[in-house]
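Keep the sequence and the 3D view open while reading.

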Amino acid sequence: MKNYKIAVIKGDGIGPEIINEAIKVLEVVAKKFSFTLTFENYLMGGIAYDLTKNPLPDETIEGCLGADAILFGAIGGDKWDNLPRELRPESGLLRLRKSLEVFANFRPTKVYDELLESSPLKKEIIKGVDILVVRELIGGIYFGTPKGREKNRAYNTMVYSVDEIKRIAHIAFEAAQKRNKKLCSVDKANVLDVSQLWREVVNEVAQEYPEVHLSHMYVDNAAMQLIKDPRAFDVILTENLFGDILSDEASMISGSIGLLPSASIGGKSAIYEPIHGSAPDIAGLGIANPIATIASASMMLRYSLQQEKAADCVDYAIQATLKEGYRTKDIASFGAKKICNTQELGSIIAQKILD
Ligand code: IPM
Ligand code: MG
């Protein structure tokens with residue numbers, strides 16, 4: 001029987017609660033499709049700082065490098081906000097992404113028909129939305145130098161090389177080719193030199209994908225169009241910071257940030273995580289929505305473990321659960337039959353896999 005080694009990073013806040021539900025679902029689906037999973041826990045984020053004074057201990061990097069895939073919850077919280085930047089939980093996550101060289105971050109937004117009423121947007125605008133944000137993840141202003149803080153001045157640098165743009169552009173074009181063959185590259189080429197280079201390189205890479213329709217959009221306009229007519233988008237390609245912002249915006253089209261999964265790929269291993277944060281305000285209350293994490297586990301089955309049928313089964317179980325009206329509080333609205341806590345919703349999804 002095939003066995004996969006999964007490095008698990010539960011992290012802070014609601015991280016442990018939502019990861020536990022994803023593991024519950026993974027164990028059930030593995031049994032159904034006759035493979036096994038070994039889960040090994042590693043520390044990262046605030047909890048890692050508290051226990052080891054390092055938000056990303058070396059053992060975590062080694063464990064992740066030795067695993068078939070990494071399942072990650074969330075990190076951060078007010079408690080660690082005043083630490084020096086390099087000791088903050090977020091620095092642990094950024095260093096992990098960089099150490100694993102996962103330069104491509106996939107953030108799909110799909111509107112479930114069952115949740116049309118949960119979005120703050122009108123249902124005529126969002127019905128059928130299916131967008132994939134491809135965010136560059138280990139470059140740009142997050143990592144550029146020089147950066148620093150002086151008493152009365154602070155600065156960061158947005159920098160991309162041609163090769164960095166090329167490799168993420170190829171990934172986005174390949175994704176578009178497998179979908180609806182539309183790619184919108186988002187930049188700020190009317191102001192930023194780095195965006196001008198981005199646009200030139202994307203145009204050059206486009207020559208290799210004649211069947212994909214490429215457009216370019218300034219990021220401010222993209223933020224507006226995403227709300228005005230989200231169905232006009234198929235794949236959005238963008239740099240690190242713009243992708244961070246636009247993917248949170250896109251999540252509201254679907255109704256809740258608690259629904260959106262992500263996959264960070266292209267490197268030495270792959271990280272699967274919900275796009276939301278650690279939500280310290282609701283940690284421990286049992287009301288967090290586990291769907292984004294369970295859907296991230298499904299992406300892990302599909303992309304890293306090549307267990308496509310198992311992934312389809314998890315996706316179907318999520319949808320069936322929503323169809324029957326089971327909801328967590330964040331998506332409670334029209335059509336809700338029962339408001340569940342985190343564990344209940346996880347168990348219902350797991351049960352659907354067995355049905
Ligand atoms: C995300 C998060 C992270 C990011 C933070 C926690 C460092 O917002 O994954 O979108 O900015 O990339
Ligand atoms: Mg973010």
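The questions below concern a predicted model, starting with the ligand and ending with the domains.

Q: Which residues surround ligand 1?
A: A residue counts here if one of its heavy atoms lies within 4 Å of the ligand. By that rule, the residues around ligand 1 are E90, R97, R107, R135, Y142 and D244.

Q: How many residues of the shell around ligand 1 are charged?
A: Asp, Glu, Lys and Arg count as charged, whereas Tyr counts as nonpolar. The shell has 1 nonpolar residue and no polar ones. The number of charged residues in the shell is 5.

Q: Which side chain has a polar atom 2.6 Å from an oxygen atom of ligand 1?
A: For R97, an N or O atom of the side chain is 2.7 Å from an oxygen atom of ligand 1. For R107, the distance from a polar side-chain atom to a ligand oxygen is 2.8 Å. The side chain with the 2.6 Å distance belongs to Y142.

Q: What percentage of the area of ligand 1 does the protein bury?
A: Ligand 1 sits in the largest pocket. Taken alone, ligand 1 exposes 320 Å². Of that area, the protein buries 79%.

Q: How many residues of domain 2 are in contact with domain 1?
A: The domain assignment gives domain 1 as 1-103 + 256-355 and domain 2 as 120-254. Their C-alpha centres lie 24 Å apart. Contact means heavy atoms within 4.5 Å. On the domain 1 side 12 residues take part, and on the domain 2 side the number is 15.

Terms used
Residues are numbered from 1 along each chain as its sequence is written. Chains are lettered from A and ligands numbered from 1 in the order in which they are written. This is a predicted model: local features need pLDDT of at least 70, side-chain atom pairs count only at pLDDT 80 or more; totals for chains, interfaces and linings use all residues. Side-chain values use heavy atoms; hydrogens and water are left out. A polar contact is a pair of N or O atoms within 3.5 Å; within protein, one must be able to donate a hydrogen and the other to accept it, and residues adjacent in sequence count only if both atoms are side-chain atoms. Accessible areas come from the Shrake-Rupley method with a 1.4 Å probe; for residues, only the protein chains shown count as cover. On a 1 Å grid over the protein atoms alone, a cavity is a set of points where a 1.4 Å probe fits but cannot get out, and a pocket is an open set with protein on both sides within 12 Å along at least five of seven lines; lining residues have an atom within 4 Å of a point. A molecule sits in a cavity or pocket if more than half of its atoms lie within 2 Å of its grid points. Domain bounds come from an automatic or database domain assignment.
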